[in-house]
Amino acid sequence: MEKILEVKNLAVELEGKRLIHDINFSVEHGESVAVIGPNGAGKTLLLKSLLGLVPHEGEISWAPGTRMGYVPQ
């Protein structure tokens, strides 16, 4: 199957504090993904890093032509 998203060694640091580190996963065409966790766990920060809205380290690779929408609360 074709990977539509691949994340390798994702890390996000804000204000000198590492909030996300060592995240690795991939999503293949036809798969669904749910990100769950308590308030403050980093779900929104993960999404913003995947969209390139916050500085991050590591690799985020989207398949060409992949489209995503984001509507914050």
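The model is predicted, so local features need pLDDT of at least 70 and side-chain atom pairs count only at pLDDT 80 or more, while totals for chains, interfaces and linings use all residues. Residues are numbered from 1 along each chain as its sequence is written, and side-chain values use heavy atoms, with hydrogens and water left out.

**Exposure and backbone**

Helices (H or I, at least four residues) and strands (E, at least two) are DSSP runs, numbered from the N terminus. Asn9 lies in strand β1. At 48% relative accessibility, Asn9 is partly exposed. Its phi is positive, near 55 degrees, in a residue other than glycine. Glu15 sits in the loop between β1 and β2. Glu15 also has a positive phi, about 50 degrees, although it is not a glycine. With a relative accessible area of 87%, Glu15 counts as exposed. The hairpin of β1 and β2 has 2 residues between the strands.

His21 belongs to strand β2. Its relative accessibility of 47% makes it partly exposed. Contact means heavy atoms within 4.5 Å. Not counting residues up to four places away in sequence, His21 touches Leu10 and Ala11. Ala41 is 20 residues from His21 along the chain, and their C-alpha atoms are separated by 12 Å.

**The sheet**

Strands of a sheet pair through backbone hydrogen bonds, either parallel or antiparallel. Here two strands pair if DSSP finds at least two bridges between them. The sheet is open and has 3 strands in the order β2-β1-β3, with antiparallel pairing. Its edge strands are β2 (17-28) and β3 (57-62), each pairing on one side only. Neighbouring strands are turned by 15 degrees against each other on average, direction ignored. Axes are lines fitted to C-alpha atoms, for helices over the stretch in contact, and angles run from 0 to 180 degrees between N-to-C directions.

Strand β1 covers residues 3-14 and pairs with β2 over 8 bridges. The pairing of β1 and β3 runs over 5 bridges. Some residues that stand opposite each other are listed here.

| Residue | Opposite residue | Strand of the opposite residue |
|---|---|---|
| Leu5 | Val27 | β2 |
| Glu13 | Arg18 | β2 |

**Helix and pocket**

What packs on the sheet, touching β1, β2 and β3? Helix α1 (residues 43-50) does, and its direction makes about 115 degrees with that of β1.

Pockets are searched on a 1 Å grid over the protein atoms alone: a pocket is an open set of points where a 1.4 Å probe fits, with protein on both sides within 12 Å along at least five of seven lines, and lining residues have an atom within 4 Å of a point. A volume is the space filled by probe spheres set on the points. The largest pocket holds about 320 Å³ of space. It is lined by 17 residues, and the closest to its centre are Val33, Val35, Leu47, Leu50 and Met68.

Which element gives the most to this lining? It is α1, with 5 residues. β1, β2 and α1 each supply at least two lining residues. The lining divides into 11 nonpolar, 3 polar and 3 charged residues. Nonpolar covers Ala, Val, Leu, Ile, Met, Phe, Trp, Tyr, Cys and Pro; charged covers Asp, Glu, Lys and Arg; the others, Gly among them, are polar.

Key: Buried < 20%, exposed > 50% of the residue type's maximum accessible area, 1.4 Å probe, protein only.
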